[in-house]
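This report goes through one protein model, from its overall make-up to single residues. Please keep the view open while reading.

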Amino acid sequence: MQRKSPSTGNVPIHPLWLRITHWLNALAVLVLVTSGWRIYDASPLFGFEFPASITLGGWLGGALQWHFAAMWLLAINGLTYLALNVASGRLWRKFFPLSLAGIWRDALAALRGKLSHDDPRRYNYVQRLAYLFVMVDITVLVLSGLVLWKSVQFAGLRELLGGYEFARRIHFCAMAALVGFVAVHLVMVALVPRTLLTMLSNHGKEAA
């Protein structure tokens, strides 16, 4: 007689802790980026400024307050997200193995519109790379931000990043990469709307 597999009907696609940390990260990133644009406008690195209408803070002092508050939220929430991923084994199950051949294959399939999204429990190779990249990118963003915030106190880190001015450029590039990730992420959510539902509730319960 065939043995029945354990019921997974009560297990959500994404556990509650993941959904909570995901939305807190989204809030922190939104505040950090928009307040960061206001801070950037006070001393531009390049030959352009961001329109005041899409920045947060109203003035430099206000933007700095928003930025520091969101920085702590991102750092603490991000560490919680990473720690729970490691402790639960989810990091290895969801993001590995990773190979160049798999990334290339799935990237070509995505460009041809033939990449399957039937199983929301399983990340394809492009998703694995993107999510691992954004974890590293946010780490770089926080570390370079510490240099800009407390340059004297983090002198060793400042020198490791090539000095204060180079750390500013690293911070800006990490921010730009994060905005690019968010833009692509939103496009993918628009193309596959049910992925949003799985981040809002236990909709479509499957094994995590």
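What percentage of the 208 residues in the protein do buried residues make up? Buried residues account for 38% of the 208 residues. The model is predicted.

## Overall make-up

The protein has 8 helices and 0 strands. Read along the sequence, the pattern is α-α-α-α-α-α-α-α. The C-alpha trace spans about 70 × 35 × 35 Å along the principal axes of the protein.

## Helix packing

Two packed helices are described by the angle between their axes and the distance between the axes. The table gives these values for some pairs.

| Helix pair | Angle between axes | Axis distance | Source |
|---|---|---|---|
| α1 and α2 | about 150° | 8 Å | model |
| α1 and α7 | about 130° | 11 Å | model |
| α2 and α5 | roughly 140° | within 11 Å | model |

Take α1 and α2. Helix α1 covers residues 16-42, and helix α2 covers residues 60-88. They pack at an angle of about 150°. Angles over 145 degrees count as roughly antiparallel, so α1 is roughly antiparallel to α2. The crossing of α1 and α2 is left-handed. By class, their contact has 20 nonpolar, 10 polar and 1 charged residues.

Next come α1 and α7. Their angle is about 130°, and the two helices are therefore oblique to each other. The crossing in which α1 passes α7 is left-handed.

Then there are α2 and α5. The axes of α2 and α5 cross at roughly 140°, which makes α2 oblique to α5. Here, too, α2 passes α5 in a left-handed crossing.

## The second largest pocket

Rolling a probe the size of a water molecule over the atoms shows where empty space is left. The second largest pocket has a volume of about 630 Å³. It is lined by 27 residues. The closest of them to the pocket centre are G36, I39, H67, L148 and H171.

Which helices each supply at least two residues of this lining? They are α1, α2, α5 (125-149) and α7 (164-191). Helix α1 gives the most, with 8 residues. By class, the lining of the second largest pocket has 21 nonpolar, 5 polar and 1 charged residues.

Helix α1 packs with α2 and with α7. The axes of α2 and α5 come within 11 Å.

Is G47 buried or exposed? G47 is found in the loop between α1 and α2. G47 has a relative accessible area of 84%. Over 50% counts as exposed, so G47 is exposed. G47 and F172 are 125 residues apart in sequence. In space they are 14 Å apart, C-alpha to C-alpha.

A174 sits in helix α7. A174 has a relative accessible area of 5%. Under 20% counts as buried, so A174 is buried. V140 is 34 residues from A174 in sequence. The C-alpha atoms of A174 and V140 are 6.8 Å apart in space.

R121 lies in the loop between α4 and α5. R121 has a relative accessible area of 33% and is partly exposed. How far from R121 is G156, C-alpha to C-alpha? The two C-alpha atoms are separated by 42 Å. Along the chain, R121 and G156 are 35 residues apart.

## A cis peptide bond

Most residues other than glycine have a negative phi, and most peptide bonds are trans. Which residues does a cis peptide bond join? The cis peptide bond joins F96 and P97. Its omega is about 0°. P97 lies in the loop between α3 (90-95) and α4 (100-111).

Technical notes: Residues are numbered from 1 along each chain as its sequence is written. This is a predicted model: local features need pLDDT of at least 70, side-chain atom pairs count only at pLDDT 80 or more; totals for chains, interfaces and linings use all residues. Side-chain values use heavy atoms; hydrogens and water are left out. Axes are lines fitted to C-alpha atoms, for helices over the stretch in contact, and angles run from 0 to 180 degrees between N-to-C directions. Helices (H or I, at least four residues) and strands (E, at least two) are DSSP runs, numbered from the N terminus. Angles under 35 degrees count as roughly parallel, over 145 as roughly antiparallel, 65 to 115 as roughly perpendicular and the rest as oblique. A crossing is left-handed if the near helix is turned anticlockwise from the far one by less than a right angle, and right-handed if clockwise. Ala, Val, Leu, Ile, Met, Phe, Trp, Tyr, Cys and Pro count as nonpolar, Asp, Glu, Lys and Arg as charged, and the others, Gly among them, as polar. On a 1 Å grid over the protein atoms alone, a cavity is a set of points where a 1.4 Å probe fits but cannot get out, and a pocket is an open set with protein on both sides within 12 Å along at least five of seven lines; lining residues have an atom within 4 Å of a point. Grid points are joined across faces, edges and corners, and a volume is the space filled by probe spheres set on the points. Buried means under 20% relative accessible area, exposed over 50%, partly exposed in between (1.4 Å probe, protein chains only).
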